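Visitor: I would like to go through this model and ask what stands behind each label. Please show it to me.

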Amino acid sequence: MKIYTKTGDKGTTSLIGGTRVAKSHLRIEAYGTVDELNSYIGLVRDQEVNKGRADILKEIQDRLFTIGSTLATDPDKNTKMVTPDLHPEDVSLLEQEIDKMTAEVPPLRSFVLPGGHQSVSFGHLARCVCRRAERLAIRLQEESPVDDLVIVYLNRLSDYLFALCRKMTYELQAEEIAWKPRV
């Protein structure tokens, strides 16, 4: 199988179901951002501090492929291709992990500035891309069907990534810098 097909050379691509759309289409932007997020999660997973969390991060990456395939499917076509589904348990797993990490770090008393350690900064980049993916999925939902669970999962994933950043900061003994607004 060749990597290149040349079918996108004129700026269009196919959705699952065969519909051709512009590569600038909101649906493409949404699942492309989920793909970008998946790459950032891989970077976060590759950090030494996250060796013990590699399995959960791989599971998150798998769910992001699920979301990507959902967003890449034309909702107006009946396709014979079977794509995986998200389940409420996927969101529950994130919530359980958030609760565990939050219980192991000092209470949050203010907004924190991203940074403090390179690994933490990678986590904050992933969190921001996750928020963008969520916004794009919501925008897409305004014009075309998007499973509500996709949006819930992305919302909870950004919370998970924030909690993970705090946990990494704690484990790395890095400084968590509170935002102190000018008065």
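This is a predicted model: local features need pLDDT of at least 70, side-chain atom pairs count only at pLDDT 80 or more; totals for chains, interfaces and linings use all residues.

Visitor: How many salt bridges does a search of the whole structure find?

Guide: The search finds 13 salt bridges.

Visitor: What makes R63 and D62 a salt bridge?

Guide: Their side chains meet at 2.4 Å, N to O. The cut-off is within 4 Å, between a side-chain nitrogen of Lys or Arg and a carboxyl oxygen of Asp or Glu. So the R63 and D62 pair counts as a salt bridge.

Visitor: Is R63 called buried or exposed, and why?

Guide: R63 has a relative accessible area of 16%. Buried means under 20%. Therefore R63 is buried.

Visitor: And why is D62 called partly exposed?

Guide: D62 has 39% relative accessibility. Partly exposed runs between the buried limit of 20% and the exposed limit of 50%. So D62 counts as partly exposed.

Visitor: What does the salt bridge of E104 and K167 tie together?

Guide: The side chains of E104 and K167 meet at 2.6 Å, N to O. E104 lies in the loop between helix 3 (88–103) and helix 4, and K167 lies in helix 5, so the pair ties together parts that are 63 residues apart in sequence.

Visitor: How do you know which label, buried or partly exposed, belongs to K167 and which to E104?

Guide: K167 is at 8% relative accessibility. That is under 20%, so K167 counts as buried. E104 has 41%.

Visitor: Which residues are linked with E104 and K167 in a network of salt bridges?

Guide: R53 and E171 are linked with E104 and K167 in that network.

Visitor: What makes R131 and D159 a salt bridge?

Guide: Their closest N and O atoms are 3.6 Å apart. The cut-off is within 4 Å, so the pair counts. R131 lies in helix 4 and D159 in helix 5, so the pair ties together parts that are 28 residues apart in sequence. R131 is partly exposed, with a relative accessible area of 30%. D159 is partly exposed, also with 30%.

Visitor: How far is I138 from D159?

Guide: I138 and D159 are 17 Å apart in space, C-alpha to C-alpha, and 21 residues apart in sequence. I138 lies in helix 4. I138 is partly exposed, because its relative accessible area of 32% falls between the limits.

Visitor: How many cavities of 30 Å³ or more are found in the whole structure?

Guide: The search finds one. The largest cavity has a volume of about 40 Å³.

Visitor: Which helix gives the largest share of its lining?

Guide: Helix 5 does, with three residues. Helix 4 (118–141) and helix 5 each supply at least two. The lining includes V112, L113, H124, C165 and R166. The lining residues divide into four nonpolar, three polar and three charged.

Visitor: Why does I177 qualify for a nonpolar patch on the surface?

Guide: A patch residue needs over 30% relative accessible area and no salt bridge. I177 is at 34%, so I177 passes the area cut-off and counts as partly exposed. I177 sits in the segment after helix 5 (148–171). F111, L113, I177 and W179 form the patch, with about 420 Å² of accessible area together.

Key:
Residues are numbered from 1 along each chain as its sequence is written. Side-chain values use heavy atoms; hydrogens and water are left out. Patches are made of residues with over 30% relative accessible area and no salt bridge: like charges are joined within 9 Å, nonpolar side chains (Val, Leu, Ile, Met, Phe, Trp, Tyr) within 5 Å. Accessible areas come from the Shrake-Rupley method with a 1.4 Å probe; for residues, only the protein chains shown count as cover. Helices (H or I, at least four residues) and strands (E, at least two) are DSSP runs, numbered from the N terminus. Buried means under 20% relative accessible area, exposed over 50%, partly exposed in between (1.4 Å probe, protein chains only). On a 1 Å grid over the protein atoms alone, a cavity is a set of points where a 1.4 Å probe fits but cannot get out, and a pocket is an open set with protein on both sides within 12 Å along at least five of seven lines; lining residues have an atom within 4 Å of a point. Grid points are joined across faces, edges and corners, and a volume is the space filled by probe spheres set on the points. Ala, Val, Leu, Ile, Met, Phe, Trp, Tyr, Cys and Pro count as nonpolar, Asp, Glu, Lys and Arg as charged, and the others, Gly among them, as polar.
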